[in-house]
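Here is a short briefing for a first look at this structure. Start with the strands, then turn to the helices.

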Amino acid sequence: MPLVTSEEMLLKAQQGGYAVGAFNAENMEMVKAIIEAAEELNAPVMIQTTPSTIKYGTVETYGAIVAAEAKKTSVPVCLHLDHGSSFELAVQAMKAGYTSVMIDGSKFDFEGNVEITKKTADAARALNIPCEAELGKVGGKEDDLEAEADTNTDPQEAKEFAERTGVTSLAVAIGTAHGFYVGTPVLDKERLSEIRKVVDIPLVLHGASGLSDEEVKDCVRRGICKVNFATELREAYSKAVKETFAEKENTIDPKVYGRAAIQAVKELVKYRMQVCGCDGKA
């Protein structure tokens, strides 16, 4: 089917007590793997690209690839701009066919974040496209953004932020980090529960690669409606390519290791969809 926006799928997830898996894709093979996984599990899915991925390709390239693959399936597929670094990039993505955008103003102070987020959310609303934002700072490294320490989201600030900006979903910081974890993460899940009490819109969990299944499930039970996975998909893809060359070092056909990578990423995506509880929810 044609690409859909994230609004309906996230609201359904909120009402149904599960989360939609949102998976970052770097190329055609990863797009195919994610959509095949969604089709096999009859699950709604969000495919995401970050600014550095877009710089590697272009919004037009990824927009065309995802739209073409989504047309072949009957499950809802949304193309989302992850960690949009500017208002201009968000607009560019929407014009290229993205059906959901995120503006990441977490590098600014509260008022600065409100300003850039409201501007982007207003523009997205005019095009009937949902807009995600982030309040607080998720640690680790995502794209070109790096945070040395976590600054968790304040519930009352989250309430004010959502009301003033008009965003349709909000990424919150509760102790997760982008990339793989060096030690065992300590999540402030009580804070998540407090945010859920005062914020009505769907909540998003970033930095889920490396979290245990139970941690993810508990966050979903406490109100998370969208869970982002990126780093572990890259690892699965790269490992499959390396194994192909280890078995047959003279392989020169990209389709050979591409198929191996598709299978590895697909199996991981299916597993994470089941953890999020979105399987069978298309």
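**Strands and their neighbours**

Strand β4 (residues 100–103) and β5 pair in the parallel sense over three bridges. Two strands pair if DSSP finds at least two bridges between them. Helices (H or I, at least four residues) and strands (E, at least two) are DSSP runs, numbered from the N terminus. This is a predicted model: local features need pLDDT of at least 70, side-chain atom pairs count only at pLDDT 80 or more, and totals for chains, interfaces and linings use all residues. Residues are numbered from 1 along each chain as its sequence is written, and side-chain values use heavy atoms, with hydrogens and water left out.

**Around β5**

- Cys 131 in β5 is the bridge partner of Val 101.
- From β4 the chain crosses through helix α6 (residues 110–126) to β5, and this β-α-β crossover is right-handed (with the strands pointing away from the viewer, the path from the first strand over the helix to the second runs clockwise).
- β5 also pairs with strand β8 (residues 169–172), in the parallel sense and over four bridges.
- There, Glu 134 stands opposite Ala 171 in β8.
- Strand β5 (residues 131–135) is mostly covered, with five of its five residues buried (under 20% relative accessible area, 1.4 Å probe, protein chains only).
- Cys 131, Ala 133 and Leu 135 point one way from β5, while Glu 132 and Glu 134 point the other way.
- In a regular strand the side chains alternate between the two faces of the sheet.

**The barrel**

- Eight strands close into a barrel, in the order β1-β2-β3-β4-β5-β8-β10-β11, and the pairing is parallel.
- From one strand to the next, the twist averages 25 degrees (axes are lines fitted to C-alpha atoms, for helices over the stretch in contact, and angles run from 0 to 180 degrees between N-to-C directions).
- Strands β10 (residues 203–205) and β11 (residues 224–229) run parallel and are joined by three bridges.
- Val 204 stands opposite Lys 226 in β11.
- Helix α8 (residues 189–198) packs on the sheet and touches β8, β10 and β11 (contact means heavy atoms within 4.5 Å).

- Helix α4 (residues 59–70) has twelve residues.
- Its buried residues are Val 59, Tyr 62, Gly 63, Val 66, Glu 69 and Ala 70.
- Seen down the axis of α4, they fall within an arc of 145 degrees, so they line one face of the helix (the arc is that of the directions from the helix axis to the C-beta atoms).
- These buried residues pack against several elements, including β2 (45–49) and β3 (77–84).
- Thr 73 lies in the loop between α4 and β3.
- Thr 73 is buried, with a relative accessible area of 4%.
- Not counting residues up to four places away in sequence, Thr 73 touches Met 1, Ile 35 and Glu 39.

Technical notes: The expected span of a helix is 1.5 Å times one less than its number of residues. Buried means under 20% relative accessible area, exposed over 50%, partly exposed in between (1.4 Å probe, protein chains only).
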